[in-house]
Amino acid sequence: MPAPTPTPAPTPTPASAPGNGANVADYQGCPIFTAGDWYNAPVTSAAVDPDDAAYIGSMIQAGNTSGFWASTGVEFINIANGSTSMTTVHPKVAWHSFPVAYPWAASYKIEPLSDAHAMVLDTATCHIYESYGTTYSGGALSAYSGANWNTTQPFVSMRAGSPSAMASGLSIFAGMVKWEEVQSGTVNHALNWAATAHAVSQWGFVSPASSTDGLSFTGSSSYQLPYGAHLRLKASFDTARLGPQAKIVAQAMKTYGIYLSDTGSSGNALYFANALDGSDPWNPSDLSTLGTIHISDFDVLKLPPMQRVPGH
């Protein structure tokens, strides 16, 4: 989750896409960014980083040994339209600001856990608004940090040192497994992944990420996997043992990969959204089979140039 690192107000800057591809994921009539974009490009034939084994080994050395798991029942995608009131977001800290108002209604849901994520998709404009540490009380909307994107345009990275609703600056919405996608039988975009705390680079990141949470790395290796790293589940991984829902997720991990986006106390979490009506339709027994997938089952795709949080 984002750490209180003093940074200027987030300002999106263009990010080059990783490749060309015809696929465009969509949700509720809105594209999830553009064809060949960071989240939409298939990576089945993408090059593996020459230091792949060292990065994977480093994460294991630093304590990333648990299987993957589905974080379900707590994330909600609120839907706005052209008539939804726009609300000023009051920043909870001076170093993160909200330059635009967010569409908001008193009925909107906020994640009930400590991260307090909030997401609003305006289907009239196909604009996604995200925040972290969100509260709504007495008609006032407040948050620690956040970001917003026009999902009809290429994904843009935040300014270096700026988080979003996640420490990495990536879009939690874009990389989230959505119930309606699984119902359709396919998840056709890359996923976000929250790794074991202290097992990732403290201050380094690569595009399309823009920041870190500053947690110290506990391993001794110089190969510290950065936020924004793109991993792909090995084609040889046998999905036959997985439940039907988990199998759809695993196929997305093979085709589109996962982005190292945040850290969590439990480690190796994937973000899942509830159904649009707010209910939790996921099958815990089915998704528990994701626990058979470990970091050693992935390839690290060729990393873009390493960047660092300003001042570190």
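Colour the chain by pLDDT to begin. This is a predicted model, and its average pLDDT is 93, with 93% of the residues scoring at least 70. Now select residues 1-16. Here the pLDDT is below 50. In the model this stretch has 59 contacts beyond near neighbours in sequence.

Next, select helix α1, residues 52-61. Which of its residues are buried? They are Asp52, Tyr55, Ile56, Ser58 and Met59. Look down the axis of α1: the buried residues fall within an arc of 160 degrees, so they line one face of the helix.

Then step past the end of the helix to Gly63, which follows α1 and has a positive phi, near 110 degrees.

Now move to a sheet. Select β7, β12 and β11, which form an open sheet of three strands in the order β7-β12-β11, with mixed pairing. Which strands stand at the edges? β7 (89-91) and β11 (135-137) do; each has a single partner strand, so one side of each is left without a neighbour in the sheet. On average, neighbouring strands of this sheet are turned by 30 degrees against each other, direction ignored.

Finally, zoom in on β7 and β12 (residues 140-143), which pair in the parallel sense over three bridges.

Notes:
Residues numbered from 1 in each chain as written. Predicted model: local features only at pLDDT ≥ 70, side-chain atom pairs only at ≥ 80, totals over all residues. Heavy atoms only, no water. Pairing = 2+ DSSP bridges. Helix = DSSP H or I, 4+ residues; strand = E, 2+ residues; numbered from the N terminus. Axes fitted to C-alpha atoms, helices over the stretch in contact; angles between N-to-C directions. pLDDT = per-residue confidence, 0-100. Contact = heavy atoms within 4.5 Å. Buried < 20%, exposed > 50% of the residue type's maximum accessible area, 1.4 Å probe, protein only. Arc of directions from axis to C-beta.
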